[in-house]
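Please walk me through this structure from its sheets to its helix pairs, with the cut-offs stated along the way.

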Amino acid sequence: MSRKKENKLSFVGKGIERVDADIKLEGKALYGDDLDFAKMLYGVCLRSPYPKARIKKIDFSEAQKDPDFVKLITAKDIPGSNKWPVVNDDYPFLAWDIAEFHSQAVAILVAKNRFKANELSKKVKIEYEELDFIDDIHKSITKKENIFSSYVIKKGDAFNEIKKCKYVIEKEFTTNYQVHCYLEPQVATGVFATDGTLAVYSSTQCPFYVLDAVCAITGLSSNKVKIIQTVTGGGFGGKEDVPALVGAHAALASFITKSPVRICYDREEDFRSMSKRHPSYSKVTYGADENGKLKCCIVKYILDAGAYSTLSPIVLWRGTVHAAGPYSIDNVYVESYAVKTNKVPCGAFRGFGQPQISFAQESLIDDLAEKIGMDPIDFRLKNIIDKNKLTSTSQKIKDSIGLKELIEIVRKKSDWDKRKNLKPSANNKRRGLGCSIAYYGVGLGAKGRYLDRAGAYINIYRDATVNITVGNTEMGQGALTVLTQIAAETLNCPINNIKLDEVDTSKVPDSGPTVASRTTVMSGNAIIEAAKPLRERIFKTALKILGSKDMIAKDGFFISGAKKISFNEVVKQCWADRLKMSEQGWYVSPPTTYDLKDGKGDAYIVYSYSANIADVEVDIETGFLDVKKIYSAFDVGKVVNPVLALGQAHGGILQGMSWAVYENLVIDRGVMKNPGFTDYIVATSCDTPEYDVSFVEKDYAEGPYKAKGMGELPLIAVAGAVRNAVKNACGVEMDSVPMIPEKILKKMGRI
Ligand code: MTE
Ligand code: MOS
């Protein structure tokens with residue numbers, strides 16, 4: 001049955017080549033710093049050298065003497081508001097009295113060229129008064145005013161139930177920062193025109209966030225500003241909120257100088273001032289009965305938000321909802337906090353607050369299985385959520401869940417039952433396997449429901465080529481290709497006829513951010529909405545030309561008996577008949593019912609799932625951890641493009657492994673010590689483990705061609721699987737990410 005259905009699809013489900021492959025491979029794509037404008041000036045930010053300081057005086061008289069100096073802009077020059085609109089609007093575009101973290105922007109120097117902008121910025125003297133700062137969440141949380149946001153989930157009576165449990169386990173876990181390490185640093189260009197309009201070219205995931213920020217700082221109305229997304233060289237969440245800050249600075253500088261102004265960060269500036277994955281602390285307790293049934297879960301989860309709240313309230317919420325793991329547990333209590341420290345503000349990073357708590361919770365599930373004397377996979381299988389079961393927020397899983405099959409697949413593929421007790425492979429080498437599972441709420445969910453809508457515009461030209469405008473962005477994940485496939489399928493139009501553009505906020509309605517793996521579902525459905533009436537006209541016209549009542553539409557052709565006509569021919573006739581060949585689509589996500597008071601209700605519209613087994617080798621002499629292979633299986637609904645999906649899986653797994661094993665940002669007394677690729681170690685293509693990736697496609701009825709979302713999922717539970725494999729290999733129970741050699745040796749008692 002499902003096979004027959006699949007055969008009907010011409011473009012969806014096929015591993016077609018990326019539509020943006022050529023321009024990127026050949027170096028022809030126009031990234032943010034590739035665009036040229038006549039008389040363009042360059043801006044550079046002057047930044048606080050202290051974790052917390054009062055700005056006393058700015059003296060730029062020296063810089064001003066240079067003929068290439070154009071302007072020094074401070075908070076006083078802002079014509080609009082000095083509040084960056086994010087969630088709580090507490091972050092000023094430019095610090096005006098107190099700078100709250102090292103490298104916060106205090107002023108913008110504009111000069112005639114990039115070199116001079118940097119040179120002159122060093123000649124500006126800013127007098128500061130150093131103030132006391134807080135860099136520790138446990139100290140910070142004792143003061144109520146330092147808590148940016150906090151949530152609670154109450155299901156059943158966890159504190160009473162825990163007393164009755166035969167097996168109880170409780171541990172604390174910590175995780176460090178993760179830096180996005182996108183290849184293209186932050187960049188934006190403001191282009192103010194004589195007619196009073198302002199265009200901003202921005203490397204961003206979220207052009208509409210940039211629009212809001214540019215309007216706020218300049219005071220211009222939305223219809224006088226347009227944000228044009230430039231080809232974006234990676235985001236991973238790091239181009240969600242902060243490009244709005246960079247774009248607003250460039251816009252302000254252009255608005256004031258009446259010239260185009262480019263701001264392009266160097267790597268160190270990007271490291272020091274842009275968002276990161278939140279460091280975390282968590283304390284997790286699980287309780288099970290004598291039969292190995294999970295009865296309760298208690299979690300305290302704290303994120304180190306940094307100096308301003310930015311996206312922390314939303315990141316924390318996703319972590320909170322998923323904190324108990326993909327298990328059916330009657331008694332759950334979760335409390336969570338995002339806490340201020342005088343360090344760089346943290347924000348979105350692939351997984352959005354889930355990987356940190358998944359590491360803790362999946363580690364502890366493994367340790368609990370051991371305590372009970374059960375195989376960790378059997379223990380998981382006994383307790384996972386499934387159809388008609390309730391999540392920790394009491395959301396009933398109605399359909400589209402393949403978690404059980406995923407676990408069985410990785411168990412079989414890794415030969416778990418035979419290999420889980422591996423023998424040492426050399427005197428100093430120990431091999432081990434470890435498991436983890438995850439669920440992932442697709443889209444913004446209840447907390448961001450007001451933003452969960454998307455628009456699309458389709459215009460079919462007389463030559464039968466098609467232009468499509470959407471509000472979600474391509475940042476490497478393959479959105480342009482996947483959305484092209486969805487449009488091609490709905491219109492029965494050849495792939496090569498279609499061109500999807502980078503987002504221009506003046507051409508499409510606000511479609512929310514490109515985050516939360518929501519693009520395929522949201523923009524995909526918006527495209528289908530726009531394409532439906534066009535499809536009807538095209539198909540009717542094809543029937544008319546074929547002179548038939550019945551036809552097959554396939555691969556861009558319309559076939560009836562021996563007669564076959566192409567999409568191009570049909571469109572030509574549509575235009576000759578003066579039919580409307582452009583349409584707009586609008587999709588709104590299904591309702592959610594979550595109540596913030598007690599954390600009850602439907603938190604997300606649907607979930608995607610993963611099961612993972614890591615195969616690792618630990619050198620017990622050096623503590624070096626080598627991740628040999630990762631087996632992962634995913635249920636992301638219908639896979640729209642299997643090749644791109646595999647790419648997302650490989651990339652996500654590697655990024656998760658990198659966070660788990662290598663990435664160690666050091667901030668000492670508020671100052672970053674390794675802000676660059678020399679000293680901040682990130683996994684490269686030389687460090688890739690072997691991958692074994694499988695997909696189970698559980699249809700999601702509301703999804704475009706039954707697809708869910710997958711962009712972030714592959715990263716989420718990697719650290720837990722690696723940690724459990726380390727335990728299996730050499731008996732140490734790691735409780736902290738990254739699992740660098742020093743920490744492993746320390747746990748072994750060797751140093
Ligand atoms: N893949 C690549 N190559 N580059 C990226 O920046 N971002 C990730 C993921 N995969 C990213 C990526 C993040 S954080 C998200 S939210 C999703 O892609 C967004 O894409 P989607 O909405 O199309 O799933
Ligand atoms: Mo992804 S962290 O939701 O941009």
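In this predicted model, three strands form an open sheet in the order S4-S2-S6, with antiparallel pairing, where two strands count as paired if DSSP finds at least two bridges between them, and where helices (H or I, at least four residues) and strands (E, at least two) are DSSP runs numbered from the N terminus. Its edge strands are S4 (98–99) and S6 (125–130), each of which pairs on one side only. Strand S2 (residues 53–59) pairs with S4 in the antiparallel sense over 2 bridges, and the bridge partner of Ala53 in S4 is Ala99. Strands of a sheet pair through backbone hydrogen bonds, either parallel or antiparallel.

Some conventions apply throughout. Residues are numbered from 1 along each chain as its sequence is written, while chains are lettered from A and ligands numbered from 1 in the order in which they are written. Because this is a predicted model, local features need pLDDT of at least 70 and side-chain atom pairs count only at pLDDT 80 or more, whereas totals for chains, interfaces and linings use all residues, and side-chain values use heavy atoms, with hydrogens and water left out.

A second open sheet has 7 strands in the order S3-S5-S1-S12-S9-S10-S11, and its pairing is mixed. Strand S3 (69–73) and strand S11 (225–229) are the edges, each pairing on one side only, and from one strand to the next the twist averages 20°; such angles run from 0 to 180 degrees between N-to-C directions, with axes being lines fitted to C-alpha atoms, for helices over the stretch in contact. Within this sheet, strand S1 (residues 41–47) and strand S5 (residues 105–111) pair in the antiparallel sense over 6 bridges, and Val44 has Leu109 as its bridge partner in S5. Helix H7 (residues 207–218) packs on the sheet, touching strand S10 (198–202) and S11, and its direction makes about 145° with that of S11; contact here means heavy atoms within 4.5 Å. Helix H8 (residues 243–257) lies across S1, S3, S5, strand S9 (187–192), S10 and strand S12 (261–264), running at about 30° to S9.

Turning to helix pairs, the axes of helix H12 (residues 376–383) and helix H13 (residues 403–413) come within 10 Å and cross at roughly 170°. That angle makes H12 roughly antiparallel to H13, given that angles under 35 degrees count as roughly parallel, over 145 as roughly antiparallel, 65 to 115 as roughly perpendicular and the rest as oblique. Ile377, Asp378 and Leu381 of H12 meet Lys404, Ile407, Glu408 and Arg411 of H13. By class, this contact has 3 nonpolar, no polar and 4 charged residues, where Ala, Val, Leu, Ile, Met, Phe, Trp, Tyr, Cys and Pro count as nonpolar, Asp, Glu, Lys and Arg as charged, and the others, Gly among them, as polar.

For helix H15 (residues 479–491) and helix H16 (residues 519–546), the axes come within 8 Å and cross at roughly 30°, and the two helices are therefore roughly parallel to each other. The contact of H15 with H16 has 12 nonpolar, 5 polar and 2 charged residues.

Two backbone details remain. The peptide bond from Val737 to Pro738 is cis, with omega near 5°, and Pro738 is found in the loop between strand S29 (736–737) and helix H21 (741–748). Ser517, in the loop between strand S19 (498–500) and H16, has a phi near 50°, a positive value in a residue other than glycine.
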